[in-house]
Amino acid sequence: MHKLLTAAEAVARHVPAGAVVGMGGQNINRCPMALVHEVIRQGIGGLTVVGCNLSLPLDMLVAAGLVARTEQGTGNLERYGTLFAWRRAVERGEVGVGDHSHLAMATRFAAGAVGVPFLPTRSLLGTDLLADLVSDGVAVESADPWTGQPVVLLRAMTPDVAIIHANRADLAGNVVIEGVTSHEVDMVRAARATIVSAEEVLPAGAFADRPERVTIPEAYVTAVVHQPFGAFPTSVYRAYDFAEPEIKEYQALGRAGDDGLREWIGANLGASFDDHLRARDPAGTLRAGLTEQMGRLV
């Protein structure tokens, strides 16, 4: 049975209002932009968004008024600045925040992936983050039963749905990610459902001759969406580089205030992600250049 759906079908079926959404990607690399655009089109709100570096897709969801809470390691675009819509919403008290270290979030996903209620860590000991996580009911200070040394027990994170973008997938849901995977493999294994958009979708069994290429096996994938340039304007390793002018334009609007971001979202999403790509790059020259640039890098 194949798992191929359109983005609209996959989001409508598997991203309910109020869901805990595990976000793939990292900073300006392989963010699930096409899937996030579809969540915004459908106006699915009350979301709790969780991940390590929640970057551009989170800010768009917040600007669209769809996020109630975030739990994350960071929320920024590094050299391009913070997530302005998210920061303002947090400062206004409209979006709750559970601050973690990156390792703490990865540990919570790892616990969910292996089906245990918590995993121990020492990484948060002596930090200000720990007190807040204890207060939130996410962490407990304890002791190693063998040595008596202090440890922190971190509660498992099991998202309602994980959304990621990948290099390729087959119709059965086997997924290949090239380059850094960060927290995504454990996040997908921990999630109750997973939507994967992919640059290329191959017939079922396409990886049978070399199964070691599969990053995430089909058992963990609920739906596959074929979407070339589905991470634009962020990058996909070996496929295309990130579009710096697009990111700078979005961040300039973000610095200026929420009204400009909302106007940009309303004017640029279109009826589908392909419409969005055509609107932003009518002749395809930007995408061709990003593809060529990635080719020079790898």
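A: Glu200 is partly exposed, with a relative accessible area of 36%; buried means under 20%, exposed over 50% and partly exposed in between, with a 1.4 Å probe and protein chains only. The model is predicted, so local features need pLDDT of at least 70 and side-chain atom pairs pLDDT 80 or more, while totals for chains, interfaces and linings use all residues. Residues are numbered from 1 along each chain as its sequence is written, and side-chain values use heavy atoms, without hydrogens and water.

The partner of Glu200 is Arg168: the two form a salt bridge whose closest N and O atoms are 3.4 Å apart. A salt bridge here is a side-chain nitrogen of Lys or Arg within 4 Å of a carboxyl oxygen of Asp or Glu. This pair links distant parts of the chain, with Arg168 in strand β8 and Glu200 in strand β10 (residues 194–202), 32 residues apart. Helices (H or I, at least four residues) and strands (E, at least two) are DSSP runs, numbered from the N terminus.

Arg168 also forms a salt bridge with Glu178, where the closest N and O atoms are 2.8 Å apart. That pair too joins distant parts of the chain: Arg168 belongs to β8 (residues 161–170), and Glu178, 10 residues away, to the loop between β9 (175–176) and α7 (184–190). Arg168 itself is partly exposed, at a relative accessible area of 22%.

Elsewhere, Glu244 and Lys248 form a salt bridge with closest N and O atoms 3.8 Å apart. Because they are 4 residues apart in helix α8 (residues 244–256), about one helical turn separates Glu244 and Lys248. Both are partly exposed, Glu244 at 31% relative accessible area and Lys248 at 46%. Arg69, Glu71, Arg108 and Asp136 are linked in a network of salt bridges. The count of salt bridges comes to 23.

As for the rest, the chain has 11 helices and 11 strands. Its radius of gyration is 19 Å, close to the 19 Å from the globule rule for 298 residues, so the chain is as compact as a globular protein of that length. The radius is taken over C-alpha atoms, and the rule is 2.2 Å times the number of residues to the power 0.38. Of the 298 residues, 52% count as buried.
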